Each structure stands twice: as structure tokens, then as C-alpha cells.
Amino acid sequence: MTLCCPKVTPDSPVLASRAQIEIDDEIVALEERTRALRTCRNSLSPISSLPPELLSAIFVHHAQRTQFLHEPDNPNILSWLVVGHICRHWRGVALGTPELWATPFLNSSTATDEMLTRSKMAPLNLKIGLQYRIDAIQKALMHIERLQVVSLLFLHGDTAGHRCIMEFIDKLSSCSAPRLKSLALDVGDKQAPRIVIPISFSAPNLCKLQLKHCDLSWASSVLTGLTVLHIKKVSLERLPTLDELVSTLRRMPALHTLTLEDALPTLSPHMVSLPHTSHTMNVQLLHLKQLRLTAKMLEVANVLACIESTTSEVRLVCRASSGDPNQEWNLSLPIISRALESCFKDTPNDFRQVPRSMQLSSPNSCIRLHYSTVRNPLSWAREMPCHDADLSAECPVILDFDFPIEMRRTILSDLGRLVPLGSIEAMYCDFFFACWDGFWADILTRGGARNLAYMYLRGPNQALEELLKSLRSRKHSVSRSVGGRSQQGPIFSPALSHLVFHDLEFDSSVFNWMRPSDFLDVLMDRVNEGRGLEHLTITSTSGIFARDVQLLREVVADVNWDEYESDEEYFTDTEEDYDGDFIDYEDYSDGYAS
């Protein structure tokens, strides 16, 4: 097709203007025709045959997945918007799906306004990150009848956030929130006055409540029919009595997740025995799957004694009080034992849930023990195990004990007898407290870890020395003797086949048991008894050199070494020996003024 442009002269500006208008109109018509052709072409694609309802469900699933992967204030949380830029049909479906816009981006007032409009009457999900706009939050909270999930976790000292929650709580007292299912509030521990949850408010579908640094009445009707309850950091004057707590839990027969952190009934630090309660006063939580309690040791034991459940996931964080820590431990141990038995016992389908791996760590000078029913939990299978691994199906039991140093041996020895260590196949150790003679025997019990095949160690020098002592042959040994150490008894961890050393330090001194040659002798002993290692990994470990690794490869088939060598071996000369080789900085200039 040939386009003919009208001839115009400088003397006819009116004609020129008219010609341009005609051309512009033709361009618009062509563009519209092109869009129409593209739409027709796209409609012939197989994906265009999907019903709008199915396409809408796919978009919603994609948006929810994106929101799960990113923090609420991360702009990437809106990356799902690309579905509206593919074609006109997809854009129309996206704009016609209110659920797609029901999680406003509260870091932008403009985006919040637009998403509130496009979501129409769909239930709203409000979640904030580290960055947010208070005006955007306030606009979204005005739609109280549409709120489904509200998570307002403000930073400490955020007075605007504190005021925002106060206004929201006041509105809840007088307005109904018929769709509200999940409510999470935190205003920090330095805000005054404290947030107090109303004694009652209309949220008939509320099933998940999370409160931190907030107070409430334990008789509140809000604490009824919940399936998830997290209460943390209640003020001292608002802590419940044991009767109040038991009564509250009885109003939640379907409860499957319970977390109480510094929200347990208090006890006198001078108590010589736990309060005796009748078995009939206990609360049965038959659906409880996760239980987390954080408080002083006796307070945790006091509450545990009143809960009857079949929960398989437990986290206990216990602190010693100012009283007698030995007495606290001895009084609490039988109750802790009962809780562990409920985690590792026969289930209705005759599948025995047993611990297959354990982790020992020492965050903030505490003793932390993780027991997992998985041999190699994903959260541990890394160079340096994570100290803050969340409670999950991978890690059903987490025990934290903040007790005086002199109690560590007692605690680890007692726990070694309570947990069925015969099933442990992997052990991850990442701790830095001082060890003692017979350390590994106390942790794993003598001959108890018969199935231990994998061991990861990162810790103090004493941990390495005690391990090499424990690994010695009990029958015949080419390694040097350890004074006073009996040669009798079961071999230590006979199934051990994979050993990982990370960030440790061998020592060439003859006055300890941490020389590379001692390690080599130990491995030779185990080979002679048919218990040799199959895999050895050494990373970021000093005091061991290439010649040592070459000898280790003669007794271990697979040795993985990162070739990290300490410089100490090469700096044994006196200062006078190499003064002549040192650079004379008085004669050297790098071009910079001093």
C-alpha cells in the first residue's frame, strides 16, 4: 500500500496543520488495528483457552507464593504484577480478581489506595515489614469489616505505631470484625502505656492470636476457641495464676500451637517442692502439636505438669532462678522426662518416632540441645549450624538451659539418659563452653550412641582432646596411653564413619592429646578393629599440615581438606634471625605522605 502525502507550501500553514491531523488519525487507527490483530492472535494460543476462573486462581496462587518468599516491605513482593502486562486478556482477568489485590503494599500510600479499590470487598491481609507508611496502615485498618489477617509488629520506640495499634484496639471494642482470623500485635517493650486487649470484641472467626509486649485479661472471651496462641512478654502484674491459665486453655480444645514466653504463673524462688495439683485439675489438649514455654525452670515444670497432650514438637527455654539451681533441676527433671517421653513414643500407626540426630550448641552461654527425627536436617546441613533454627517437623525437640556453669555436666548427663540415644545417627556440635574429663561419655552415655555414623565438631580445644581420648581403642592400641584411663569398656561410637572438623586447633605439644599424630594413631586403632572412618572433612582448622593429611589418607579412603595451614610453623625463628630481611621503611616510599 502506497501512502500519498499532500503537497503543502510554506504559504499554506492551515493546509499543513490539517494534513498532520489526518496523518495522526491514520496512525491511531493503525495502532488500534494492530492491537486488535494481536488480541485475535493471542486468543488462538492454547493458554487463552483456559477459563477466566482457572486463570484467576493461577494468578492468586502465584501472588501468594511471591508474598511468601519476600518480606512485606520488599518491592519484589509486587513482582507478580507482571501478569497484567502480558496481554489484554490477562490484564482484564487480573483486574477482575479482587483477591489478587487483597494484600496492600503498606510501604506506599498510592499503592495501598489503588489496591484497596481493586480488592473491592475481598478479605484483606495486612502485614508490615521494617519500612511502612503509617497513613497507609491507617487507611487499610478503616476497612475493619474486611480484615482477615492483621500483623502489626512495630519496632521498639515507634510511638506512631503504638498510637496506631491503640486506635485499632479502640475500634475493635466497638465494631465487628466478622472476617478476622489472625491477629498479631507487637509494640515493643519501651512503650507506655501498655497495650491492653479488650475483655471482649466481636471477632467470631478469630483462630490465631499472637501478642507480644501487650497485656490482656486471662478471662477475656478473646481467648476462646483458638487453634494458635502465642503470648510473649506480659507485664508482671498481668501474669496469670495457674488456675487462670488452666481455665483459659480449657476454652481452647482445638488448640494445636501454644507459645508462652515470660507469660507463666510465677513461683517463689525459695520453694522446696512444686505445688501439688490433682490429676483431675489438668487440662487435656488432645490436638496440641507444638508447645513452647519460656520462663524460670520451676515455672516451666509447673505448667508442664498440668498439660496432658500427645504433642511431638516441644521447645523449652528454662532459666535458673536466684535460689538453689541443683534443687530446681532435680524437682523439674521428672516432669521434663515425661514431656520427652510424649515426643518419642509409639504413634497410633505403630511408627516409632525416634531421634535420629542431635545438635549441641551454646548461644549466649546457654546449653541448647536439638533433637530431630531426620538424619540430616536442612537447617543443620551447612558449614556452621544455625543457632536459631525454628521449631519444625525437622526439629521436634529443642531444649535451652541457662544454668550456672557448674551445672552443665549434670544437665547433659541426665539428658543423655532421658533421650533414646541408641537411635542417634548424626551429631552436630557447635559450642564453646569448657569440657571435662569424660565429656563425650557423659553426653552420649557409655556405649549408648551405637548407631552414630556422622559427627560434626566445632568447639574448644578440650572438646577435640576429649574426643581423641574417647576414640581410642579399648582393646589394643598403637596410640600413647592416657594416664588413669581404663582400657576396658565398649568402643566409642562403633558405627562412626564420617567425621567433620571445622574451626578447630591441633597442638603439637607433647603435654596434651591434640597432636595430628595422636589423631592418626586413633584412626589406625579403629581400622585395626574394623571400625575405620570412610570420610574425613577438615576445614578452617589450624595445627595440621599437608604432610599430616598425606598420612591420614593412608587410613581414610576419602579425606577432604581445604588446605588451610596455620602460619605458626613458619615463624619459629627469633626476631634477630630475620631482622636483616625486613623492609627498611625509612628507605621505602609508597607515594603517600605519613
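This note goes through the predicted model point by point, from the chain as a whole to single contacts.

1. Basis of the values. The model is predicted, and local features need pLDDT of at least 70 while side-chain atom pairs count only at pLDDT 80 or more, although totals for chains, interfaces and linings use all residues. Residues are numbered from 1 along each chain as its sequence is written, and side-chain values use heavy atoms, with hydrogens and water left out.

2. The chain overall. The secondary structure comes to 14 helices and 20 strands, where helices (H or I, at least four residues) and strands (E, at least two) are DSSP runs numbered from the N terminus. Of the 594 residues, 47% count as buried; buried stands for under 20% relative accessible area, exposed for over 50%, and partly exposed for what lies in between, with a 1.4 Å probe and protein chains only. The accessible surface of the chain comes to about 30,700 Å², and carbon and sulfur atoms hold 53% of that area, as computed by the Shrake-Rupley method with a 1.4 Å probe, where for residues only the protein chains shown count as cover.

3. Contacts along the sequence. Among contacts in the chain with a separation of 6 or more, 65% come from residues 24 or more positions apart, a contact being heavy atoms within 4.5 Å.

4. V283 is found in strand 9 (residues 283-285) and is buried, with a relative accessible area of 2%. Neighbours within four places in sequence aside, V283 is in contact with V246, L249, R250, C306, I307 and E308. Between V283 and T248, which are 35 residues apart in sequence, the C-alpha to C-alpha distance is 9.6 Å.

5. The structure holds 17 salt bridges, each defined as a side-chain nitrogen of Lys or Arg within 4 Å of a carboxyl oxygen of Asp or Glu. One of them joins the side chains of R194 and D215 at 3.2 Å, N to O. This pair links distant parts of the chain, with R194 in the loop between strand 3 (182-186) and strand 4 (195-196) and D215 in strand 6 (residues 214-215), 21 residues apart. R194 is partly exposed at a relative accessible area of 25%, whereas D215 is buried at 3%.

6. D400 and R315. The salt bridge between D400 and R315 has its closest N and O atoms 3.9 Å apart. Because D400 lies in strand 15 (residues 397-402) and R315 in strand 12 (residues 313-319), the pair ties together parts that are 85 residues apart in sequence. Both D400 and R315 are buried.

7. D503 and R458. The side chains of D503 and R458 meet in a salt bridge of 3.3 Å, N to O. Here D503 sits in the loop between strand 18 (498-502) and helix 13 (516-528), and R458 in strand 17 (residues 454-458), so that parts 45 residues apart are linked. D503 counts as partly exposed at 35% relative accessibility, while R458 counts as buried at 12%.

8. A network. K233, E261, D262 and R319 are linked in a network of salt bridges.

9. A surface patch. E22, D24, D25 and E26 gather in a patch of negative charge on the surface. Patches are made of residues with over 30% relative accessible area and no salt bridge, like charges being joined within 9 Å and nonpolar side chains (Val, Leu, Ile, Met, Phe, Trp, Tyr) within 5 Å. Lys and Arg count as positive and Asp and Glu as negative, with His and the chain ends not counted, and the place of a charge is taken as NZ of Lys, CZ of Arg, CG of Asp or CD of Glu. E26 is found in helix 1 (residues 13-43) and counts as partly exposed at 45% relative accessibility.
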